[in-house]
Amino acid sequence: MNSAVFAGVLVVALAMGGAGPLRAQQPLQLDVRGLDNGEELEIVGTYLYSPMRRRDFADYATGRILRRVSEIAGVCDLDEAAAKRLDQAAKADIDRMKRRIQSLELEYRGTPLDNSPKSRAGIAAIQQFKQELETDSPLSNSLVERMLPKILNKEQRIQLAAYEREKAMRRVEVACRVVISSVERSMPMVGDTRRRLLGCMLASDFPKQFASDQELPLAYRAFLEVSEAELAEIFDEAQVNVIKQYRARWAGLAAVVE
Amino acid sequence: MLGQHLRRSCFRLLVIFAFICSPLVVFAQDSAHVVEDGQMLQQTDPQFVWLWRHLNLQIATAKRVCELSESQQVELERLDAKWLQELLSANDASLGREVEGRVIVQRGADDEVVRVRARGRLAVQYIRDALAMVEAHFGRVLSGEQNTALSKETAARAAFRAETLAMAAVNNIQRRIYLDAERRENLQKEIVKWAATHDELYTLMYASYTQTIPNLPQSLFDTVLSNDEVLQLGALRRISLPAIPYESQMFQHETAIIFDERNLRAGDRTGAKL
């Protein structure tokens, strides 16, 4: 289905209160609590600020840059000069972030939420910006990121890369644990078997960087990649049989990894 | 971009739905042939599926860790869905709860909220009673040593989930706040301790995983985070809010209410953790 048509159907369905399980919930895409002017179905209030107040949003957005700076400073033990250069780059990024919010607001404020080209373009631009804010990967075109090779020495760059890898692996580990717990709802694992399975899954090859919505597909893929020999070593035949059923069921979910 | 966003959202919903429903389908199919219609607890009721799954898991765990004798195995296998349903019905009749339950459900039939709340209260009661019955039966059938081995396994399963919950929460917090290894570990420990007071760890863990900040008490953060960081966390919680209904929509009404009214604490009648 065409995206615009699908969006239109979704908007109408939500505005009418929906049916089935959606009925009990607030319409998610149409949350207008962020609006200052009381207008409903206006894309800036609906998509950009929601669910925050307008004045809080800039702090939220720039907080992401400050977190990155504290992370770099905390991991790399910067000297005074390097810390100062990093702060200057962060200030420039914060200014740019504020300008970006302002330009989105200037360009699209008052645009009604409908299927017009401007509305669609505005929603797409805002969604791209919000996605960038809400994921853990470095901001695009960030001065802090571009300055890092100049600010950090080789050892510090290695430290930062190791920290980032460790953080990514913790995200994958959680997803793998969730998959194991899901299997355990049907089949109990006893002794150290669940930790051994976790070890096998974590030994899979994971990409160096991945988006947050790829964690679970990657965990499914790791679950599928545990060899039959490894499974036979950890579990008895009946358990392996249950695991095979789950693997068949989840094969499609693992295939989504980009 | 909009299309990509929608596709991603749809995929996320599909994953969540498949994740939550797959074990339910397995056990609903298993129990379909033994559960008869017309009882208070229906085969399609989530609380029945939950109990049935718990029963099966405990029997399967006992078989693996307790070195059961032939007679013990026979005694435990007697605990099928029908046994559970009969036991619950008898218990309800003795307490007069069946009548009360039916009246509540019928009186609230025109009002979805009242009906669902009434069913939620009954569901919590059923689960408490049934868990106590199952545990009592295990207690009678198994020796002290075997019961200890079974409890140890149940506790290990709960600990794994509590750790996962804590890791998921800390990972999400780290999207906004830098935590060094020491602070991360301290926060993780605090969350694990807090999780030990909850029963439905699977649900809690899964909800925590989905890129949101779970509804953890503020006191957990006060000792680990600075005031500024607590403010950032508040912002992150607000931004996480729209994601939460996606997950809660995936639970059926009764199940969601069981979790909302989750008052089963460790040290309660059962202390069981799934």
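This is a predicted model: local features need pLDDT of at least 70, side-chain atom pairs count only at pLDDT 80 or more; totals for chains, interfaces and linings use all residues.
Reader: OK, so is B:Q72 buried or exposed?
Author: B:Q72 has a relative accessible area of 12%, so it counts as buried.

Reader: Where does B:Q72 lie, and what is it in contact with?
Author: B:Q72 lies in helix α3 of chain B, residues 70-77. Leaving aside neighbours within four places in sequence, its contacts are B:E67, B:V141, B:L142, B:S143 and B:Q146.

Reader: B:E67, then. Where does that one lie?
Author: B:E67 lies in the loop between α2 (46-65) and α3 of chain B. Its phi is near 45 degrees, a positive value in a residue other than glycine.

Reader: And is B:E67 buried or exposed?
Author: Exposed, because its relative accessibility is 74%.

Reader: Switching to chain A: what's phi of A:D77?
Author: Near 50 degrees, again a positive value in a residue other than glycine. A:D77 lies in the loop between α3 (54-76) and α4 (80-108) of chain A, and at 65% relative accessibility A:D77 counts as exposed.

Reader: New topic. At what angle do α7 and α11 of chain A pack?
Author: About 125 degrees, with the axes of α7 (154-184) and α11 (237-254) 11 Å apart. That angle makes α7(A) oblique to α11(A), and the crossing is right-handed.

Reader: Which residues make the contact?
Author: A:V179, A:S182 and A:V183 from α7(A), with A:I243, A:Y246 and A:W250 from α11(A). By class, that contact has five nonpolar residues, one polar and no charged ones.

Technical notes:
Residues are numbered from 1 along each chain as its sequence is written. Chains are lettered from A and ligands numbered from 1 in the order in which they are written. Side-chain values use heavy atoms; hydrogens and water are left out. Helices (H or I, at least four residues) and strands (E, at least two) are DSSP runs, numbered from the N terminus. Buried means under 20% relative accessible area, exposed over 50%, partly exposed in between (1.4 Å probe, protein chains only). Contact means heavy atoms within 4.5 Å. Axes are lines fitted to C-alpha atoms, for helices over the stretch in contact, and angles run from 0 to 180 degrees between N-to-C directions. Angles under 35 degrees count as roughly parallel, over 145 as roughly antiparallel, 65 to 115 as roughly perpendicular and the rest as oblique. A crossing is left-handed if the near helix is turned anticlockwise from the far one by less than a right angle, and right-handed if clockwise. Ala, Val, Leu, Ile, Met, Phe, Trp, Tyr, Cys and Pro count as nonpolar, Asp, Glu, Lys and Arg as charged, and the others, Gly among them, as polar.
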